[in-house]
Amino acid sequence: MREKSVFSAHSRRDVLRFAVASAVGLALPSGRSAASDAAVEPGGVSGPLQSSGVLTFGPNNVLFVGDITGARVHAFALRDKDLASQTDVISGNLHNFEGRDRVQGLDQKLAALFGTTTDKIVINDMVVHQPTEQIFISVERGRGTDAIPAIVKVNHGQLEILELESIPHSQVSISNEPDSKAMLEFEPQETYAITDIKYYKGEVFVTGITNQRFASTLHRIPYPFNSNMATCTVEIWHPVHGEFETRAPIIRHVIRELNGEPYLFAVYGCTPLVRFPLSALKDGAHVRGDVIGELGYGANPLDMLTFINPADSKDYLLVTIDTRSASQIAVSDLASAPPQPTGGGIDFGPGGLGRTQRALPIKAEHIAILNSKWAVLIWRHPRTTYRLDLSTLALPYFFERKDGMSEMNWPNGPDPFQYREHRNEVSN
């Protein structure tokens, strides 16, 4: 199958018309058009994937993909022809905190690309290939067992399907995945079988839940893949709930080496921030993590990453959250923060590093660091809630000035930050 592109923006009405009329003309196996909801055989768009979930990059341009339906982690060794440098793309005016839309109406254009409607497009993750700054998006057309997975890349504002079938590929199975019919109270357990994947020094770290008694699980998998997988179960004391928890999984994690020792830092639902020494995460172990911060209750983490603040050259942890502002915490504080006490009553916090976190005004469904100056996010602007945009956001404040009203917006108003002096600047 050839890669197809969407070359220009269309209105919502145009996109729906294109989907019905197959104007994009995306060819699928057996000559089927993507404009219909007819079943598509394995292969073609999805290649070896049965579902497309979380993404991360490892060395040598290897793209790791979590496949919940297939109970696997896939590794695609991208070649030079699979990548296209985006370092020449203008990201905006850094001094004035003004980003740019890389793809306006992302969900509409994905719907057009797959010959369907926006309600049948699910975006599961986004990752940036740092050397080229190329953005990759994990997408599914449809929902449930009939979903068709794909990885889509952004090439100078155009959307292209990554042709997975031809890319050198390996995979590893994840054991004890929950049965597809097993339910939580509100959704299938399988939804959380693979919640996050990170690569660190020859290993892939996979978090999620299993069908075992202590459901919250972490797998350490050597890469290149072999049979030497190490699996441990993890638990935490959750102050907001006033109890030890062994079922709720890690939602997002990062791995950092601090003071000569590597740690896995994790965030759970209801947003406790937890620290695990990698040395404790051994095969067969049951490990209790240290809760070092309660970031706020009644919320869910969306993304977790680190970045270097260009203003002070210090390293920071960033956690984006669904119902409120993002949390910023100095990485230097993560190793030394004392664990929160265990065994007490319910404490709604915030606690630990949650008391000193800095709130950042990020409202993103997905976010990734693009380069040393810019982040990229998929977001639904409050003035344009009918569409998703793929846009840039300036570091370190993650603030888009043109989206709000302030005194400085008046033509003859104050200009304490010399915005007008830098009015016409652009940066990559």
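This is a predicted model: local features need pLDDT of at least 70, side-chain atom pairs count only at pLDDT 80 or more; totals for chains, interfaces and linings use all residues.
Q: OK, the second largest pocket. What volume does it have?
A: About 730 Å³.

Q: Which residues are closest to its centre?
A: T56, V127, Q130, K198 and L305, out of the 26 residues that line this pocket.

Q: And which elements give two or more residues to that lining?
A: Six strands are on the list: β1 (55–57), β7 (121–129), β12 (196–200), β17 (250–258), β22 (301–308) and β27 (366–369).

Q: Which one gives the largest share?
A: β7 does, with 5 residues.

Q: How do the lining residues divide by class?
A: The second largest pocket has 15 nonpolar, 5 polar and 6 charged residues in its lining.

Q: Switching to cavities. How many of 30 Å³ or more?
A: The structure holds 2. The largest cavity has a volume of about 40 Å³.

Q: What lines the largest cavity?
A: Q86, V89, R102, I135, V154, H156 and G157. By class, that lining has 3 nonpolar, 3 polar and 1 charged residues.

Q: Back to β22. How many bridges join it to β23, and do they run parallel or antiparallel?
A: There are 7 bridges between β22 and β23 (residues 315–321), and the strands run antiparallel.

Q: Which residue stands opposite D303?
A: T320, in β23.

Q: What about the hairpin, how many residues between the strands?
A: The β22 and β23 hairpin has 6 residues between its strands. Within that hairpin, S313 takes a positive phi near 60°.

Q: Next, Q328. Where is it found?
A: In strand β24, residues 326–330.

Q: Buried or exposed?
A: Q328 is buried, because its relative accessible area is 5% and the cut-off for buried is under 20%.

Q: What does Q328 touch?
A: Leaving out residues up to four places away in sequence, Q328 touches F307, Y316, L317, Q357, R358, L360 and P396.

Q: Last topic, cysteines. How many disulfides in the whole structure?
A: The search finds 0.

Q: And C232, buried or exposed?
A: Buried, with a relative accessible area of 2%.

Q: Why does C270 count as buried?
A: Because its relative accessibility is 13%, and anything under 20% is buried.

Definitions and conventions. Residues are numbered from 1 along each chain as its sequence is written. Side-chain values use heavy atoms; hydrogens and water are left out. Helices (H or I, at least four residues) and strands (E, at least two) are DSSP runs, numbered from the N terminus. Buried means under 20% relative accessible area, exposed over 50%, partly exposed in between (1.4 Å probe, protein chains only). Contact means heavy atoms within 4.5 Å. On a 1 Å grid over the protein atoms alone, a cavity is a set of points where a 1.4 Å probe fits but cannot get out, and a pocket is an open set with protein on both sides within 12 Å along at least five of seven lines; lining residues have an atom within 4 Å of a point. Grid points are joined across faces, edges and corners, and a volume is the space filled by probe spheres set on the points. Ala, Val, Leu, Ile, Met, Phe, Trp, Tyr, Cys and Pro count as nonpolar, Asp, Glu, Lys and Arg as charged, and the others, Gly among them, as polar. Two strands pair if DSSP finds at least two bridges between them. A disulfide is a pair of cysteine sulfur atoms within 2.5 Å.
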